[in-house]
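Subject: Structure for you to look at, with notes

Dear colleague,

I am passing on the structure below, together with some notes on what was found in it. Please read them with the sequence and the coordinates open beside you.

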Amino acid sequence: MRADKQGLYIAACHNDFAAYPRQARDGTLLMNHMAKRTRYSAWNLLAASPSHADWAPVWLDAEPKSRYDVVIIGGGGHGLATAYYLAKNHGMTNIAVLDKGWIGGGNTGRNTTIVRSNYLYPESARLYDFSVKLYEDLSRELNFNIMFSQRGLITLAHTRHDLDNISRWANAMRFNGIDAEILDAEKVRELAPRLNFDSGARFPILGGFTQRRAGSVRHDAVAWGYARGASRLGVDIIQNCAVTGFIRQGERVVGVHTNRGGVAGEIRADKVAAAVAGHSSQIAAMAGFRLPVTSYALQAMVSEPVKPVLDTVVLSPAVGAYWSQSGKGEVVIGGGLDLFPSYAQRGSFATSQMVLAATAEMFPSFGRLRLMRQWAGIVDVVQDSGPIIGATPAPGLYLNCGWGTGGFKAIPVGGWTLAHLLATGRNHELAEPFQLARFHTGRLIDEAAAAGIAH
Amino acid sequence: MMTIACPWCGARPENEFHCGGTSHIQRPPLDCSDATWGDYLFVRANPCGLHAERWRHSYGCGQWFNLLRDTGTHEIKAVYAMTAPMPEPAPEAGP
Ligand SMILES: Cc1cc2nc3c(=O)[nH]c(=O)nc-3n(C[C@H](O)[C@H](O)[C@H](O)COP(=O)(O)OP(=O)(O)OC[C@H]3O[C@@H](n4cnc5c(N)ncnc54)[C@H](O)[C@@H]3O)c2cc1C
Ligand SMILES: [Zn+2]
């Protein structure tokens, strides 16, 4: 599919009214001479021309140059956020983001958009909460509405054992300074009355806990917002450009080969970073090493849109599924992995069936909804469910991966910490525990229990 | 949904089975380096393409066996016994 998001002429504003046109490298003007609105505001919405043709494009589809300071492989949230923070926090703008398809077309545009920081261990709590905090301010930071709705995430308890487990979990969170509130069954019922509270329910609801600052974010907006921010700061975003190999100088990675002809077929860079999620092992193979990663399909589905029926996120670890309602009214349903290695972006019927059976059991009234879409993304699972943000065995090549089923919530911090490493040559302190070396030292940070589902 | 040919029960639907991960991994000597041991435990080729993997017919006869399966298309190229060496994949059908 050919990406063309330039058609998205949305908003802009009076004070940056003349920010466009930008000059292309051959000296021609990319836009016509008419000044374009670049900032989103009520004023600009009202003052726009009747046809709204005076909005600047959200980002520019750049033609690749032959050399950059940093080339980022992967135009998902993590790659785009890395580019944005390199430019914004470190003043580095000679940067390209290459994507083999269209930006946000990977897991960033396929996920169920739950953002939370309810992890068990201090290292992950710090990392993910930093990310939630960046999300809280991101609409303003990017001047792009990412629709962060902090509607809370309830984790249910169905047995005495579950009750013990959630108090351990909620207490661990509080020790880490993160909000957590234990709920009795009555409170759960107030928050999510459509859950199955029937006396004969197969999974009786005995209680739960909630992180009220958790919620959902518009996924495409995160990709587009960071792309727009990065593009404005001078970053080149290049779609339909797959990396097929590395240019080496001795051991060192000094650039990439791509599937494009001409200049774009060989792009040199001081540093190369990959943020390609489920395709990380392929990038590693091109550079001659292996990773502690296995790729699995993770699927999700949505119902037809209906009026508001669920205004929080609910997760049942017992049935392995979780639910929320999107701003458009669809019930968004997520579940567990298809538990065999896969690069086929579709997801098996056996798993969909399990997740839907769980849905009908936990929310009997949802059994009447029609399913509208089902899809899958390829996620990068590691043993301890923690990310890898750091250097690799190939000098000059850096990695951001291992987020597995739960890296959408981490896009801001993934970009922030990788940009720090690329710009300064040192790991950001938040990323220090999340190096490849931990798989050799054994210093794993086992978040499997907190990361398993409710991605 | 994949149909998997259990060597003992014949063709059965995927959800009767459980995948046990990459086959033919050799344990290194116990006095090996931490790096070798870490690689043995955690590091995998994770190819997009042919992958030799262990499966168990959990909700059937309960036995383990190997599959040679394409992780990109989910096509099963060979089914073979647990201790058998990895077979050559069947040649692609001609045009
Ligand atoms: C169904 C589903 C539900 C999920 N739910 C949640 C959730 O609720 N909350 C949460 O926090 N996380 C969730 N996740 C996980 C989350 O989506 C991912 O961890 C996150 O989006 C990863 O972002 P990324 O930028 O690293 O990767 P991606 O968004 O996958 O981007 C990687 C990009 O790299 C490109 N690429 C790959 N190979 C190459 C190459 N050789 N050359 C050039 N480009 C290449 C791809 O085209 C792709 O666009 C879910 C995932 C799935 C699939
Ligand atoms: Zn059998």
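Between chain B and chain A about 1,900 Å² of area is buried, and carbon and sulfur atoms give 59% of it; buried area here is the accessible area (1.4 Å probe) that two parts lose on being put together, summed over both. The contact, meaning heavy atoms within 4.5 Å, takes 24 residues from chain B and 23 residues from chain A. The count of salt bridges between the two chains is 0, a salt bridge being a side-chain nitrogen of Lys or Arg within 4 Å of a carboxyl oxygen of Asp or Glu.

Please bear in mind that this is a predicted model, in which local features need pLDDT of at least 70 and side-chain atom pairs count only at pLDDT 80 or more, while totals for chains, interfaces and linings use all residues. Residues are numbered from 1 along each chain as its sequence is written, chains are lettered from A and ligands numbered from 1 in the order in which they are written, and side-chain values use heavy atoms, with hydrogens and water left out.

Thr71(B) lies in the loop between β5 (64-70) and β6 (76-80) of chain B, where helices (H or I, at least four residues) and strands (E, at least two) are DSSP runs numbered from the N terminus. Thr71(B) is buried, with a relative accessible area of 1%; buried means under 20% relative accessible area, exposed over 50%, and partly exposed in between (1.4 Å probe, protein chains only). Leaving aside neighbours within four places in sequence, Thr71(B) is in contact with residues of both chains, among them Pro341(A), Tyr343(A), Cys48(B) and His51(B).

In chain A, the 16 residues of helix α5 (residues 160-175) should span 22 Å at 1.5 Å a residue, which agrees with the 23 Å between its end C-alpha atoms; the expected span is 1.5 Å times one less than the number of residues. Ile166(A), Trp169(A), Ala170(A), Ala172(A) and Met173(A) are buried in α5(A). Seen down the helix axis, the buried residues of α5(A) fall within an arc of 155°, so they line one face, the arc being that of the directions from the axis to the C-beta atoms. On the other side of α5(A), Arg160(A), His161(A) and Phe175(A) are exposed.

Finally, His428(A), in the loop between α10 and α11 (438-441) of chain A, is buried, with a relative accessible area of 12%.
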